[in-house]
Amino acid sequence: MSKNSLEISPLMIIPAYLVGEVKSKLAYVDEHIMKAEITSAGDKIILHLDIEANEGLNNRIVTKIQRVVQALVKGAFKLKVQVLEDFIDRPVPCSIDPMPELLRRSELSQEALGIFVLGPLLTRLVAYLERRFIELADSFGAQPYRFPTLIPARFLERVKYFSAFPHSLTFATHLRTDLDAIDHFANQAVCDEQGLNVPPETFAQVNTLLSPAVCYHLYFALAGKPLKDGQLIATAVGNCFRYEASNLISLERLWNFTMREVIFVGTKDFVLDHRELGRLRMNKVFEEMGLAYRVESANDPFFIGEFRRQAAFQSAFQLKYEIRARLPFKDPPSVLKTDYATLAVGSYNYHQDFFGRNLDISLPDGSPAHTGCIAFGLERMAFALLSQYGLEMKSWPASIRKALM
Ligand code: ATP
Ligand code: ZN
């Protein structure tokens with residue numbers, strides 16, 4: 001074991017169905033954790049640190065790790081996964097990680113952790129995907145919207161985002177509107193290895209964040225009034241920000257990514273029927289694209305304190321289904337169909353009347369509106385297709401090739 005590693009025996013064995021969830025949360029436990037591994041038996045956690053381990057640091061980290069494991073594992077039970085579509089076996093020609101070749105060809109350049117520039121190949125593929133998603137929106141007669149990238153803190157607070165997803169927030173600020181502070185910044189600001197070397201008091205009070213999702217903006221625009229005509233279908237694309245610490249690897253997990261959403265607001269039946277109709281329509285589109293995928297029940301990545309309760313709630317009420325595309329290069333050796341490696345490229349969501357209640361969006365009978373959305377992650381969808389079909393256009397499904405020529 002290297003001097004920078006720390007091996008921990010968790011006080012509770014981590015069951016296989018929770019290994020992924022616990023692992024993703026370990027990235028947030030301490031700033032010195034660069035990478036975390038969990039043995040397949042769930043009885044050992046191995047941490048790779050950016051400094052040499054010492055007793056004081058070890059004790060602090062071990063205490064926090066035990067707290068995370070305890071919070072996620074104690075009283076947990078395996079949620080039943082409901083599979084709505086299974087095309088995971090659709091034959092695909094490629095099983096190579098596209099990242100190294102994308103970087104080599106400058107089709108992708110990394111600006112910083114989780115921040116990438118997409119070159120012409122990926123941009124064309126994303127534009128093609130966008131056209132297909134806009135076709136879905138058009139099939140519903142969805143109204144187009146453009147939302148800002150910034151979102152006021154008080155909006156997110158009203159929909160309880162701070163307690164559900166504190167770990168992934170990204171804050172936006174500016175210099176204090178003070179001549180001395182601005183002058184000082186202009187003359188002194190430098191970037192060293194730690195980052196921008198400026199004292200925190202240079203910045204104004206944080207009141208704004210970078211948006212973590214698209215559909216929230218629509219709900220805020222509709223807040224505090226009766227919903228005109230009692231129903232609405234809208235669509236928008238937007239930049240979204242979710243800080244995922246050391247989980248930010250490759251195009252799979254970005255800090256800054258793009259989502260296209262089709263959003264439904266109305267009665268419960270209106271939202272659920274349209275979510276289902278959208279899924280059935282996308283089934284045809286994915287067939288044409290030749291995507292190997294599954295649609296199955298899922299939960300949002302709630303933070304530790306809320307995870308167990310909220311995940312069980314989402315599962316019980318079938319609030320979230322994910323489109324999980326196969327990533328053949330990640331398959332374990334001698335893989336069974338049930339163990340295929342997958343990545344969520346989109347989701348079919350139903351929020352019940354959560355936003356209607358918290359933001360006072362009312363239906364003609366006075367009851368709170370229900371909402372739901374179909375959300376596609378554009379970079380992830382492109383990444384999954386390249387993982388399945390490679391970078392050479394001649395190997396791509398005819399429908400995509402034709403649309404791009
Ligand atoms: P809801 O608001 O209903 O909770 P949402 O609209 O926020 O859901 P998610 O299911 O959270 O939607 O995300 C939609 C899609 O965005 C995911 O399926 C994925 O493709 C993409 N996505 C989410 N996080 C990231 C990330 N860190 N990097 C790249 N893509 C991401
Ligand atoms: Zn949404």
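Let's start at Arg253. Leaving out residues up to four places away in sequence, Arg253 touches Gly114, Glu244, Asn247, Leu248 and Arg380. Touching, or contact, means heavy atoms within 4.5 Å. Arg253 sits in the loop between S14 and S15. It counts as partly exposed, at 29% relative accessibility. The cut-offs: buried is under 20% relative accessible area, exposed is over 50%, partly exposed is in between, with a 1.4 Å probe and protein chains only. Ser387 is 134 residues from Arg253 in sequence, and the two are 15 Å apart in space, C-alpha to C-alpha.

Some ground rules. This is a predicted model, where local features need pLDDT of at least 70, side-chain atom pairs count only at pLDDT 80 or more, and totals for chains, interfaces and linings use all residues. Residues are numbered from 1 along each chain as its sequence is written, chains are lettered from A and ligands numbered from 1 in the order in which they are written, and side-chain values use heavy atoms, with hydrogens and water left out. Helices (H or I, at least four residues) and strands (E, at least two) are DSSP runs, numbered from the N terminus.

Now the sheet. Which strands make it up, and in what order? It is an open sheet of eight strands with mixed pairing, ordered S4-S16-S17-S18-S20-S15-S14-S7. The edges are S4 (83–87) and S7 (143–144), each pairing on one side only. Two strands pair if DSSP finds at least two bridges between them. At the S4 end, four bridges join S4 to S16 (residues 293–297), and the two run antiparallel. There, Asp86 stands opposite Arg294 in S16.

Two helices pack on this sheet. Helix H8 (residues 215–222) touches S14, S15 and S20, and its direction makes about 40 degrees with that of S15. Helix H9 (residues 268–289) touches S4, S14, S15, S16, S17 (320–326), S18 and S20; its direction makes about 150 degrees with that of S18. On angles: axes are lines fitted to C-alpha atoms, for helices over the stretch in contact, and angles run from 0 to 180 degrees between N-to-C directions.

Next, S15 (residues 256–266). Of its 11 residues, 10 are buried, so the strand is largely enclosed by the rest of the structure. S15 pairs with S14 (residues 232–241) in the antiparallel sense, over 10 bridges. Ala236 has Glu261 in S15 as its bridge partner. S15 is also joined to S20 (residues 370–377) by eight bridges, again antiparallel. Arg260 has Phe376 in S20 as its bridge partner.

On to the loops. Is Asp353 buried or exposed? Buried, with a relative accessible area of 18%. Asp353 lies in the loop between S18 (342–350) and helix H11 (354–358). Beyond its neighbours within four places in sequence, Asp353 contacts Pro368, Ala369 and His370. Then there is Glu193, in the loop between S10 (191–192) and S11 (195–196). Glu193 counts as exposed, at 77% relative accessibility. Glu157 is 36 residues from Glu193 along the chain, with 33 Å between their C-alpha atoms.

Last, a helix pair. The axes of H2 (residues 55–73) and H10 (residues 304–316) come within 8 Å and cross at roughly 15 degrees. That makes H2 roughly parallel to H10. Angles under 35 degrees count as roughly parallel, over 145 as roughly antiparallel, 65 to 115 as roughly perpendicular, and the rest as oblique. In the contact, Val68, Ala71 and Leu72 of H2 meet Ile304, Phe307 and Arg308 of H10. By class, that is five nonpolar, no polar and one charged residues.

How values were computed:
Nonpolar A, V, L, I, M, F, W, Y, C, P; charged D, E, K, R; others polar.
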